[in-house]
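Visitor: Hi! I'm new to reading protein structures. Could you walk me through this one?

Guide: Happy to, let's bring it up.

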Amino acid sequence: MANIVQVLVDAIALGSLYALVALAIGLVFGVMRLVNFAQADYITIGAYALVVPTASVTPPLLLGALPAALMIGGVLFVVVVLALLTERVAFRPLRNSNPSTLLISSFAVSYFLQNLVMLIHTGRPKSVGIGQSLANAVEIGGVRVPGVQLLTMGVTAGLLVALVLFLKKTPLGIQMRAAAENFQMARLLGMPANRVIALAFAISGLLSGVVSLLLTIQTGTLDLRMGLMPVVYGFFATVIGGMGSLPGAALGGFLVGVASVLLQTYLPTDLRPFRDAGVFALVILILLVRPQGLIVTSAAKERV
């Protein structure tokens, strides 16, 4: 029984991480109908902001050397500014283009940011030690749960509640919901389009910054492609949850995380290297049964 609970906790913790990434993707898609693949590079740059640019495998800390509150605030500030800058420079001038043009632009931004990080930090993976005290396990009812997993689940729950309250109780949140339902109508009714889209990018940057910190604490390593697989899984989660649906994105993130951990735990040892293939097959099966996603919204038209 304890083993089952342990697996469940691992699954929820990983699902929480994917849910944050899926929400970051879903926010921008809901408003702009843009799948922003530069999201992976937001995560990577947020993590690399912790260290001084150097070729060393164990670089000295930069933002990571600050007290915890300042470190977190600094990383989130860097990623939010980066998200706003990419929106202003790369996406706003193309807003009236067709979706394929926006998609190509997101790939171009992603490759540019990857090479920028490589130019500044080199391509060598690096080791960084922050939040080491969170590696200690806490025993709850006979189950030992690493502190970083408790942190991940707690942060995700807090951000989900905060995001729901923001979208339902604040004027800007209501405008974002209106934009996600029918962008053109909301714009005709006086919605400030530039402000709402910039806010969507800012929140997606904030979520990406949180993910970068959690990933760095969990793995203790920095790599140029550290944000790639979380964003791939987050994209799958957004698709199976229902494109444009934030509850669906969160639900899809948890489902993908649970499936990944269960396959890693219960597959025969020889088949465990193919865990990702099993997750992708599950995504295909869900889409064959329900191609519109698990939670459908009325925002089905291409716009912006």
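This is a predicted model: local features need pLDDT of at least 70, side-chain atom pairs count only at pLDDT 80 or more; totals for chains, interfaces and linings use all residues.

Visitor: Where does UniProt place the feature "transmembrane region"?

Guide: The UniProt record, an unreviewed entry, puts that feature at residues 12–35, 68–90, 102–120, 148–167, 196–218 and 279–300. UniProt positions follow the numbering used here, feature names are shortened, and annotations may be inferred rather than shown by experiment.

Visitor: Where does Val196 lie, then?

Guide: Val196 is in helix α8, residues 193–219. With 0% relative accessibility, Val196 counts as buried. Buried means under 20% relative accessible area, exposed means over 50%, and partly exposed is in between (1.4 Å probe, protein chains only). Met176 is 20 residues away from Val196 along the chain, and their C-alpha atoms are 6.1 Å apart.

Visitor: Switching topic: what's the volume of the largest pocket?

Guide: About 510 Å³. The volume is the space filled by probe spheres set on grid points, which are joined across faces, edges and corners. On a 1 Å grid over the protein atoms alone, a pocket is an open set of points with protein on both sides within 12 Å along at least five of seven lines, whereas a cavity is a set where a 1.4 Å probe fits but cannot get out; lining residues have an atom within 4 Å of a point.

Visitor: Why roll a probe at all?

Guide: Rolling one the size of a water molecule over the atoms shows where empty space is left.

Visitor: How many residues line the largest pocket?

Guide: It has 20 lining residues, and Leu167, Arg177, Ser245, Leu246 and Pro247 lie nearest its centre. By class, the lining has 12 nonpolar, five polar and three charged residues. Ala, Val, Leu, Ile, Met, Phe, Trp, Tyr, Cys and Pro count as nonpolar, Asp, Glu, Lys and Arg as charged, and the others, Gly among them, as polar.

Visitor: Which helices supply at least two residues each?

Guide: α1, α5 (147–169), α6 (171–181) and α10.

Visitor: Tell me about Ser245. Is it buried or exposed?

Guide: Ser245 is buried, with a relative accessible area of 3%. Its place is the loop between α9 (228–241) and α10 (246–266).

Visitor: What does Ser245 cap?

Guide: The N-terminal end of α10, with a side-chain oxygen 3.0 Å from the backbone nitrogen of Gly248. A polar contact is a pair of N or O atoms within 3.5 Å; within protein, one must be able to donate a hydrogen and the other to accept it, and residues adjacent in sequence count only if both atoms are side-chain atoms.

Visitor: How many residues does α10 have?

Guide: α10 has 21 residues and reaches 30 Å from first C-alpha to last, close to the 30 Å expected at 1.5 Å a residue. The expected span is 1.5 Å times one less than the number of residues. Its buried residues include Leu246, Gly248 and Ala249.

Visitor: Why is α2 called largely enclosed?

Guide: Because 10 of the 10 residues of α2 are buried, it is largely enclosed by the rest of the structure. Among them are Gln39, Ala40 and Asp41. Ala40 and Met229 are 189 residues apart in sequence, yet 8.1 Å apart in space, C-alpha to C-alpha. Met229 lies in helix α9 and is partly exposed, at 35% relative accessibility.

Visitor: Last one: what's the phi of Arg33?

Guide: Near 55 degrees, a positive value in a residue other than glycine. Arg33 sits in the loop between α1 (2–32) and α2 (39–48), and is buried at 6% relative accessibility. Thr122 also has a positive phi, about 65 degrees, although it is not a glycine. Thr122 is partly exposed, with a relative accessible area of 25%.

Methods. Residues are numbered from 1 along each chain as its sequence is written. Side-chain values use heavy atoms; hydrogens and water are left out. Helices (H or I, at least four residues) and strands (E, at least two) are DSSP runs, numbered from the N terminus.
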